[in-house]
Amino acid sequence: MSPALTAVRRAGNRLRRLVRGGEVDFFYSLGYQVDLGGLPADPSRGERILAFLLAEGLLRPGEVLRPPTASLRVLRQVHSEEYLESLRSPAALAPIIGGPVWDQLHQRALQAQREAVGGTVLATRRALAGRRVAVNLGGGFHHAAPDRGGGFCIFNDVAVAIRRARGRGFAEPVLVVDLDLHDGNGTRAVFARDPSVFTLSIHNHPWDDDEAEGSLSVALGEGVDDETYLDAVRRHLPPLLESVAPELVIYLAGTDPAHDDRIGDWRITAAGMLERDRLVVSAVRRRHRPLPLVVALAGGYGTESWRYSARFFGWLLGGREVESPPTAEQTVARYRRLAQGPGPPAAARRPAHDWGLTEEDVYGGFGLGFRQSRLLGRLTLHEVELGLERTGFLERLRSLGFAHPTLRFELDNPAGHTVRIFSGPDERELLSELRVRLDRRALPEMTLLGLEWVLLQNPRAAFSDGRPPLPGQRHPGLGLLGDVVALLILLAERLELDGILFVPSHYHLAATSKRYLRFVDPADEAWYRAVERALAALPLAEATAALEQGRVVDRATGRPQAWRPRPMMLPVSDRLRRRIEGETYEAAVAAAARGLDFALDGRAATAAPPIPAGRG
């Protein structure tokens with residue numbers, strides 16, 4: 001969509017928001033972000049949603065309220081003294097999170113969930129005060145019971161919010177509508193003997209057999225589709241609204257029922273998820289007397305989870321369906337927003353008449369050994385570190401337990417400039433290594449950011465059966481490839497480059513980059529897609545090994561296929577985008593694909609030879 005049409009759409013969203021009267025409040029804090037190690041949750045889920053709503057003109061920054069951290073006094077209204085005392089030890093969180101917990105993670109996890117509890121408490125107060133809708137972009141920790149946590153839930157924010165409202169004089173019935181994929185057993189346990197709080201939980205499997213005076217648990221099993229799910233919501237919610245007659249509804253709008261959830265086992269489509277949310281809001285708000293409604297995010301796993309909530313809140317604010325962008329595109333937009341400042345300093349701007357030459361071009365050919373002091377001749381270490389702080393990238397590393405990430409430059413290597421990030425000043429643990437250069441040879445009349453090497457690793461994590469090492473990997477990854485790609489796009493934009501060039505030395509490097517880049521030559525793109533189809537049934541590590549072993553063969557000739565490095569690009573400028581995107585490019589790929597039909601040889605796999613990490 002053109003910038004002009006985008007601006008018109010956003011202006012329309014802002015107008016609809018004004019017409020609807022701004023009846024929805026949002027609560028969020030950057031403190032909600034914490035990476036829980038091996039959990040496939042997106043720490044930036046709430047921030048992605050917020051960035052989308054702001055970019056669409058559906059929210060303004062001043063309309064998002066930051067909640068206070070819930071005090072221990074408030075938490076004691078739900079959780080036992082013994083349980084709260086046990087949380088002093090990192091070991092107490094291990095069974096809740098499902099993995100090892102180090103000191104830094106221990107502190108950050110407790111703080112993040114206490115802030116989210118504060119968000120649900122404040123959202124509840126706001127909803128009751130004005131019979132409004134209040135959304136907490138976090139929370140929904142429904143597995144936490146009075147004397148225990150579980151399922152990534154340390155404190156039960158919903159229960160605390162209800163008890164807090166009771167303490168402030170609210171005595172009316174409450175209905176908790178829990179549509180997370182998993183059983184809301186913790187909330188049910190808190191109010192097991194309190195019939196004034198009724199919990200409806202529609203989930204896959206029960207977590208316990210405990211009963212409560214006011215609860216309805218509907219277990220639908222595995223593989224649930226839209227029709228079954230929506231029918232369950234329609235059958236159970238409206239009658240409960242009549243029988244319970246609540247004066248407050250708290251809705252846990254978990255997105256883990258979605259078909260692409262990383263740990264879910266249902267098949268709910270994007271349309272089904274949005275219809276579910278509409279059903280709840282319509283039943284609660286479109287009455288003769290709209291009920292106060294509090295919404296918490298609850299569960300949702302994987303980098304696409306935020307999009308379901310974004311669609312819901314876009315509809316809630318604008319009154320119509322607003323499609324969220326792909327996660328990779330939204331990641332770039334989010335980093336761009338966070339990185340915005342007063343403008344690039346003079347050192348980063350290209351003079352009007354420098355003919356594109358750098359000091360390296362001028363001095364390098366004469367063997368004068370000019371010593372660089374700026375990354376790519378433009379950026380100082382201070383500028384790079386400031387950008388990583390402003391965008392929150394270094395904070396993401398801190399959330400993984402690396403309290404003092406430290407940057408180092410190496411600018412004297414003719415192969416490219418290197419930026420390394422270590423876990424601390426002692427430089428014992430390497431977390432990230434990036435080698436880049438300016439390339440003016442790959443494409444005539446274009447300047448590219450040549451990506452020679454990217455290393456992202458967590459030296460404190462361990463491989464598992466479900467997460468085996470890829471060829472060349474010494475440690476598991478950091479899960480930040482998408483963030484690094486977004487930062488590289490911003491760097492290319494700042495330096496006014498046409499795009500990013502990457503030549504993957506092995507199949508697994510191309511496969512992990514394919515979400516963002518495509519091959520420059522349509523014939524290479526066609527060949528890769530044919531190989532990808534042949535290897536579709538294999539995990540990535542096995543797929544790479546199969547190709548290295550010559551087990552991918554041409555069906556017609558039986559000739560084994562071998563990987564050879566082929567250039568990939570991510571366009572940044574319009575002229576490069578026109579060259580390798582669109583119908584012309586796809587037509588060329590389709591033409592090159594004729595006759596390409598590969599299969600996986602049935603021979604038993606042998607141990608693949610060691611593959612160096614290489615580029616990537």
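**Salt bridges and their setting**

A: A search of the whole structure finds 39 salt bridges, each being a side-chain nitrogen of Lys or Arg within 4 Å of a carboxyl oxygen of Asp or Glu. The model is predicted: local features need pLDDT of at least 70 and side-chain atom pairs count only at pLDDT 80 or more, whereas totals for chains, interfaces and linings use all residues. Residues are numbered from 1 along each chain as its sequence is written, and side-chain values use heavy atoms, leaving out hydrogens and water.

One of these salt bridges joins Glu383 to Arg374, with an N to O distance of 3.6 Å. Glu383 is buried at 17% relative accessible area (buried means under 20%, exposed over 50%, partly exposed in between, with a 1.4 Å probe and protein chains only).

Another salt bridge links Asp439 and Arg437, at 2.7 Å from N to O. Here Asp439 is buried, with a relative accessible area of 8%, while Arg437 is partly exposed at 25%.

Asp574 and Arg577 form a further salt bridge, their closest N and O atoms lying 2.9 Å apart. These two residues belong to helix α20 (residues 574–580); they are three residues apart, so about one helical turn separates Asp574 from Arg577. Helices (H or I, at least four residues) and strands (E, at least two) are DSSP runs, numbered from the N terminus. Asp574 is exposed, with 52% relative accessible area, and Arg577 is partly exposed, with 30%. Elsewhere, salt bridges that share partners bring Lys514, Arg518, Glu525, Arg529 and Glu586 together in one network.

Val176 has Ile250 of β7 as its bridge partner.

Key: Pairing = 2+ DSSP bridges.
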